[in-house]
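Please keep the model in view while reading.

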Amino acid sequence: MLRGLFLLLDRLFLPAYHLVRDPVLAYFLGTFLLALGCVVLGQLLLYLIVAVNRNHTESLLAELVHWNNLAVEAVERGEGEAYRTFNQEANQVFGKLFFLHLAQSSAFLVPVPFVLYWMQVRFGAIEFPLPFRVPFLGNTVHYLFTFGMLYLFAYWFFGLIKRRLPFFSRWERRLEETGATVRRMRSLAEVLEERVRLAENDRDRAGKNSA
């Protein structure tokens with residue numbers, strides 16, 4: 001099974017390493033293209049998972065806003081017990097959202113193990129000398145290091161251009177719309193600011209009356 005997977009990956013990945021003749025340049029160009037492919041495919045998988053869970057996510061977000069705003073209103077009324085109850089409910093919903101987001105984000109990295117498996121077989125014995133000794137790395141690096149650096153660069157590069165690509169820009173707007181519900185959440189800072197403002201007004205009135 002693994003051999004069949006490797007042969008399939010060979011057909012998919014090897015052409016990226018045959019674009020130029022220089023072997024070193026071919027390696028780095030091919031690895032960058034694989035890293036970029038991982039980023040793009042990971043982004044597509046993330047969109048798919050978000051789309052599948054969209055209704056559930058929006059339901060949790062609405063519930064979070066509901067309990068949070070009730071907690072803030074309880075603080076405004078000075079109801080400490082009600083605040084603790086509502087805040088506990090909000091924290092539970094926030095925990096569900098956090099782990100859902102974590103699970104969805106992991107889809108972004110799904111393509112990476114397949115590429116690393118293939119690179120281990122193809123380039124596992126290759127070492128690249130460094131101009132000086134680096135702590136924890138030594139004098140040479142292997143495919144893991146080069147892929148990691150190029151993956152970070154590919155992630156940064158794709159982040160710059162994806163909003164200019166019709167399909168990806170449309171999905172990025174959808175993600176922003178999904179998160180717009182959170183902006184309806186009231187903050188305890190609003191209550192504190194209001195109380196500070198009222199206290200300052202009371203002091204000003206008291207000062208004028210005493211004068």
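Helices (H or I, at least four residues) and strands (E, at least two) are taken here as DSSP runs, numbered from the N terminus. On that basis, the chain reads α-α-α-α-α-β-β-α-α-α along its sequence. The model is a predicted one. It has eight helices and two strands. The protein has 211 residues, and 31% of them count as buried. Among contacts with a separation of 6 or more, 72% join residues 24 or more positions apart.

**Helix packing**

How do α2 and α5 cross? The axes of helix α2 (residues 23-52) and helix α5 (residues 111-123) come within 9 Å, and they cross at roughly 160 degrees. Angles over 145 degrees count as roughly antiparallel, so α2 runs roughly antiparallel to α5. The crossing of α2 past α5 is right-handed.

The contact draws on both helices. From α2 come Tyr 27, Thr 31, Leu 34, Cys 38, Leu 41, Gly 42 and Leu 45. They meet Pro 111, Val 112, Val 115, Trp 118, Met 119 and Phe 123 of α5. By class, the contact has 11 nonpolar residues, two polar ones and no charged ones.

**Aromatic pairs**

The structure contains 21 aromatic pairs. Two of them are set out here.

| Pair | Centre distance | Plane angle | Class |
|---|---|---|---|
| Tyr 17 and Phe 123 | 5.1 Å | 35 degrees | tilted |
| Phe 98 and Phe 99 | 5.3 Å | 80 degrees | edge-to-face |

Why is the pair of Tyr 17 and Phe 123 classed as tilted? Planes under 30 degrees apart count as stacked and those over 60 as edge-to-face, with the rest tilted. The planes of Tyr 17 and Phe 123 stand at 35 degrees, so this pair is tilted.

The Tyr 17 and Phe 123 pair links distant parts of the chain. Tyr 17 lies in the loop between α1 (2-13) and α2, Phe 123 lies in helix α5, and 106 residues separate them. Tyr 17 is buried, at 7% relative accessible area. Phe 123 is also buried, at 12%.

Phe 99 counts as exposed, at 57% relative accessibility.

**The cluster**

Which residues form one aromatic cluster? They are Phe 13, Tyr 17, Tyr 27, Phe 28, Trp 118, Phe 123 and Phe 128. Of these, Tyr 27 in α2 and both Trp 118 and Phe 123 in α5 also take part in the helix contact.

Terms used
Residues numbered from 1 in each chain as written. Predicted model: local features only at pLDDT ≥ 70, side-chain atom pairs only at ≥ 80, totals over all residues. Heavy atoms only, no water. Axes fitted to C-alpha atoms, helices over the stretch in contact; angles between N-to-C directions. Parallel < 35°, antiparallel > 145°, perpendicular 65-115°, else oblique. Left-handed = near helix turned anticlockwise from the far one by under 90°. Contact = heavy atoms within 4.5 Å. Nonpolar A, V, L, I, M, F, W, Y, C, P; charged D, E, K, R; others polar. Phe/Tyr/Trp six-rings, centres within 6.5 Å; stacked < 30°, edge-to-face > 60°. Buried < 20%, exposed > 50% of the residue type's maximum accessible area, 1.4 Å probe, protein only.
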